[in-house]
Amino acid sequence: DYAIDEMQDGIIKFIDKHDGDLLFEEEKLIQIKKKQTAKEANIKKLPFVLSKFIIWSKDNAHDSYALVKNIAKGYALSSLISMRGIENYIGKMNGVIIALDAPIIFNLLGLNEKANYEMSSELLDILKKQGCSFVIFRQHYQEVIQTFNSTIHLLYTKNYSLDKASRLLKYAVRNKISSSVLKTKLALLDSILEKWGITICDAPLSPNKYTEIDNGKLNELLLHRYQENCVDIDENRRKTIDNDIDAISYIYRIRGNNPASNLKNCSAILVTNNIALAYASKHPALSSISHSIPVCMTDVFLSTILWFCFPDSSDDINEKVLLSECYKNLTLSDDILHKFYAEIKEIEKITPISEEIMLNINTSQMVQKLLEEKTFNDSSLYTDQTTAEILHEIEINKNKKINTLSGTLDSHDAKFLFIAKFVAGVIIFAVWFGLVVLFYILKYI
C-alpha cells in the first residue's frame, strides 16, 4: 500500500524517466538519477508497479488507461516544446536512408514483446509514408543470423547461463519459446525484410575529401558506458561493439561533408534501441563536422519526434511508445542478473549446489520471475537476503515437483493394483468355471 504523497512522487518519477528517454537528453536522465538516490526504497518500486498497472489497465480499466495516456502525452508535449534544438526537426524525410540495428529486426519478428513489435511496425510505416528507404548493414544482418543460430543451439543443449545470455535467449527462456519456434522465425527473416523493403547494405564509399570519424574514440566511449552499467564485455559483446562502430561510421560517411541541419537533409540515420550507442555517437570529439540531427537515434526518440512534428501521421505511435517503455521497465536488468550469479559463485565456493538446482538457476524462467518480484527491477533493492530467498524458492519448487511426481506414481500404483486384482479374479473365475465344466463332461461321458 502507498500513501497519496508516495503515489504522487512515484508518478512524477515515472513520467520524468519516461520523458528523459523520449527526449534523448542525457543531462535530464542524470538529474533524475541523482533525485532517485534520495528516495525511499518503497518509492523506488513504483515505476515497476505503475508499468504493470498501465499494461493491465489497457485491457481492464479503460478510463484509467486513457487518463495515464493523456498525462504522458501532456508531459511529452511540454517537454518537447522546451527541448533544445527542436526547431531542427523539420522537413519531410523524403529520400532519407534509415539503417536498422539488429534489435529492431527482432522487434519486427515479434521476439521482444508485442508492444515493441507494434511500435517498430508503426514507426516504419510512418517513415515509409515520409518517403524513407530502409537498409540493414551486412554486419548487423550477420549479427541477427548468428544470434539466432547460437540461441537455437543453446536452447537445444540447455548449456547456458542467463547472466551471459543474449537478449533473445533471455526472452525465449522468459516466454518458454522453444528452439523449433526460433528456427521458424529465422526462416521468416528474409520475407520480413522483403515485406518492409529492407535491403542488405555493404559499406558505403567515402566521399571525396572526407575524413573518417575517430573509431577509437567511439570504442572508448561505448566501453565506458557499458562498464558504468556493469555490462560484461565478452567476445560476443566485443563483436557487437565492432558492428555498431562500423554502422555509425557508415552513417557519417553517407552524410559526407555536409552538416545535417534538419530532418530533410540529414541523408541517413541509424535507428536502434541501444541508448548507450545513441548517446556515444553524439559525442563532438568523433568528427570535425557538427550535425544538428544525430546520426543515431533510439526508436523511442524518433517515434516521439515524428508524432510531435507530423501529428497527422499517427497519434497511435505515442501510445505504443508508452507501452514499450512500460515493458522495458519490467525487463530484468543485466546488473541484477550479474549480482545474482556473482553471489551464486561465492555460495558455491562454500557450499556445493546440486546439479539439478544449478540447471534451474542457469536455464529456468523462474530465476527471472523471482528476481523481478523481489527487486522490482531496481538493483538498489537487491538485498543481502535476495539470493538466499531465491535459492529457497527454487528448493521449494523442486520439492513440490517431487511430491507431485510421487503422488502421480502412487496414483498409478493404486490403479495398477486394482487392475491386477481384477484380472487375477477373472482368471481364477475362468479356471474354476472351466474345471466345473470339465467335471460334468467327464462324469456323464
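**Close-up 1. Packing of helix 9 against helix 18 in the predicted model.** Helix 9 and helix 18 are roughly perpendicular (65 to 115 degrees) to each other, because their axes meet at an angle of about 90°. The axes of helix 9 (residues 167–174) and helix 18 (residues 365–375) lie 8 Å apart. Contact (heavy atoms within 4.5 Å) involves K170, V173 and R174 of helix 9 and Q365, Q368, K369 and E372 of helix 18. By class, this contact comprises 1 nonpolar, 2 polar and 4 charged residues. The model is predicted: local features need pLDDT of at least 70 and side-chain atom pairs pLDDT 80 or more, while totals for chains, interfaces and linings use all residues. Residues are numbered from 1 along each chain as its sequence is written, and side-chain values use heavy atoms, without hydrogens and water.

**Close-up 2. Surroundings of N274.** N274 lies in the loop between strand 4 (268–272) and helix 13 (275–280). Leaving aside residues up to four places away in sequence, N274 touches Y226 and D244.

**Close-up 3. Aromatic pairs.** The count of aromatic pairs (ring centres within 6.5 Å) is 6. F137 and Y250 are edge-to-face (planes over 60 degrees apart), at 5.0 Å centre to centre and 75° between the planes. This pair links strand 2 (residues 133–137) with helix 12 (residues 235–255), 113 residues apart. Both F137 and Y250 are buried. F340 and Y341 also pair edge-to-face, at 5.2 Å and 80°, and both are buried.

Key
Helix = DSSP H or I, 4+ residues; strand = E, 2+ residues; numbered from the N terminus. Axes fitted to C-alpha atoms, helices over the stretch in contact; angles between N-to-C directions. Parallel < 35°, antiparallel > 145°, perpendicular 65-115°, else oblique. Nonpolar A, V, L, I, M, F, W, Y, C, P; charged D, E, K, R; others polar. Phe/Tyr/Trp six-rings, centres within 6.5 Å; stacked < 30°, edge-to-face > 60°. Buried < 20%, exposed > 50% of the residue type's maximum accessible area, 1.4 Å probe, protein only.
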